[in-house]
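Let's take a walk through this protein together, one residue at a time and then as a whole. Please have the sequence and the 3D view open as you read.

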Amino acid sequence: MNVILLGPPGVGKGTQGVLLAEGKGWKHMATGDILRANRREGTPLGQEAQKYMDAGELVPDDLIVAMVKDTLAALPQDQGVVFDGFPRTVPQAGALDLALEQLSRNVDRVVVLEAEDAVLVKRIAGRRSCPDCGSVFNVFMNAPKEEGVCDKCGAALVHRPDDNPETVQNRLAVYREQTEPLIRFYEGREGVIARIPGEGGVDENQKGIVTAL
Ligand code: AP5
């Protein structure tokens, strides 16, 4: 099964994507995480992506599509995929359709997670991320056992560079302008879209997603 998690920054795509992939034995393909790993490793892709990410803008479609196609091509044919943060533009969605078709796959479900901006802003303000292993915590819920230290690898946690208030406002605007139109793009396909309230607790939201699949 190929499932897309769609929704604004901070709505919980990463949190829910990890749980869903673990529960189903699927690949969690989070383009933001792949880009951040490239930045940590200093690859040409990471260096190119940095200026867009830090400004809260989208990384150009051609770079993202090439990255996703490489990751998809390396997967076993029967491996399910949770797409988190991709596609984010109509051209990316078209490119995904083509790439999946070439692999005899298709988009089975698009789960749209929804929450008010005030909830998103508060969650992002509380997020602390591990720059080494990518684990995500939140000072308001799911705080690390030791303040500022990653439970999994012991690295010092950081506030993501794009999680400052001004950049968050731009990310929300970019979402409304460039990504939200994807809901209409997929609404034309019968039975594909599922809208899930994202303001509940983590477990409640996961149940909603699993039920909708
Ligand atoms: P990306 O990393 O994808 O960021 P995003 O879409 O802005 O989403 P976030 O990671 O901020 O939030 P999330 O929905 O995953 O929420 P999370 O689970 O962490 O992209 C970053 C940048 O990379 C983009 O701006 C762009 O530049 C570039 N990029 C990536 N993909 C691209 C693409 N396809 N095309 C072009 N550019 C691309 O949760 C947030 C916080 O809330 C956490 O602290 C979490 O613990 C907490 N939380 C989660 N669920 C709950 C809950 N139910 N209750 C309470 N707290 C919760």
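If you want to find glutamine 16 in the viewer, look in helix 1, which covers residues 13–24. Setting aside residues up to four places away in sequence, glutamine 16 touches Leu5, Leu113, Val202, Asn205, Gln206 and Ile209. Please keep in mind throughout that this is a predicted model.

With that residue in view, let's step back to the whole chain. The protein chain contains nine helices and seven strands. Its C-alpha atoms fill a box of roughly 45 × 40 × 35 Å along the principal axes. How does the radius of gyration fit with a compact globule? For 213 residues such a globule would have a value near 17 Å, and the protein chain has 16 Å, which agrees. Of the 213 residues, 44% are buried. Among the contacts in the chain with a separation of 6 or more, 69% are between residues 24 or more positions apart.

The accessible surface of the protein chain comes to about 10,600 Å², and carbon and sulfur atoms account for 51% of that. As for charge, there are 24 positive and 31 negative side chains, and the centres of these two sets lie 2 Å apart.

Now for a charged residue on the inside. Arginine 127 sits in strand 5, which runs over residues 127–129. Is arginine 127 buried or exposed? Its relative accessibility is 13%, so arginine 127 counts as buried. The side chain of arginine 127 makes a polar contact with the side chain of aspartate 163, at 2.9 Å. Beyond four places in sequence, the residues that arginine 127 touches include Asp163, Arg160 and Arg171, along with Val136, Phe137 and His159.

Aspartate 108 lies in the loop between helix 5 (90–102) and strand 4 (109–114). With a relative accessible area of 24%, aspartate 108 is partly exposed. Which residue does its side chain reach through a backbone nitrogen? That residue is asparagine 2, whose backbone nitrogen is reached at 2.7 Å. Aspartate 108 and asparagine 2 are 106 residues apart in sequence, yet their C-alpha atoms are 5.4 Å apart in space. Leaving out neighbours within four places, aspartate 108 is in contact with Met1, Asn2 and Val192.

To finish, let's turn to some details of the backbone. Most residues other than glycine have a negative phi, and most peptide bonds are trans. Against that background, have a look at serine 104, which has a positive phi of about 55 degrees although it is not a glycine. Serine 104 is found in the loop between helix 5 and strand 4, and with a relative accessible area of 66% serine 104 is exposed. Asparagine 142 also is not a glycine, and its phi is positive, at about 60 degrees. You will find asparagine 142 in the loop between strand 6 (136–138) and helix 7 (165–179), where it is partly exposed, with a relative accessible area of 46%. Proline 87 is in the loop between strand 3 (81–84) and helix 5.

Notes:
Residues are numbered from 1 along each chain as its sequence is written. This is a predicted model: local features need pLDDT of at least 70, side-chain atom pairs count only at pLDDT 80 or more; totals for chains, interfaces and linings use all residues. Side-chain values use heavy atoms; hydrogens and water are left out. Helices (H or I, at least four residues) and strands (E, at least two) are DSSP runs, numbered from the N terminus. The radius of gyration is taken over C-alpha atoms; the globule rule is 2.2 Å times the number of residues to the power 0.38. Buried means under 20% relative accessible area, exposed over 50%, partly exposed in between (1.4 Å probe, protein chains only). Contact means heavy atoms within 4.5 Å. Accessible areas come from the Shrake-Rupley method with a 1.4 Å probe; for residues, only the protein chains shown count as cover. Lys and Arg count as positive and Asp and Glu as negative; His and the chain ends are not counted. The place of a charge is taken as NZ of Lys, CZ of Arg, CG of Asp or CD of Glu. A polar contact is a pair of N or O atoms within 3.5 Å; within protein, one must be able to donate a hydrogen and the other to accept it, and residues adjacent in sequence count only if both atoms are side-chain atoms.
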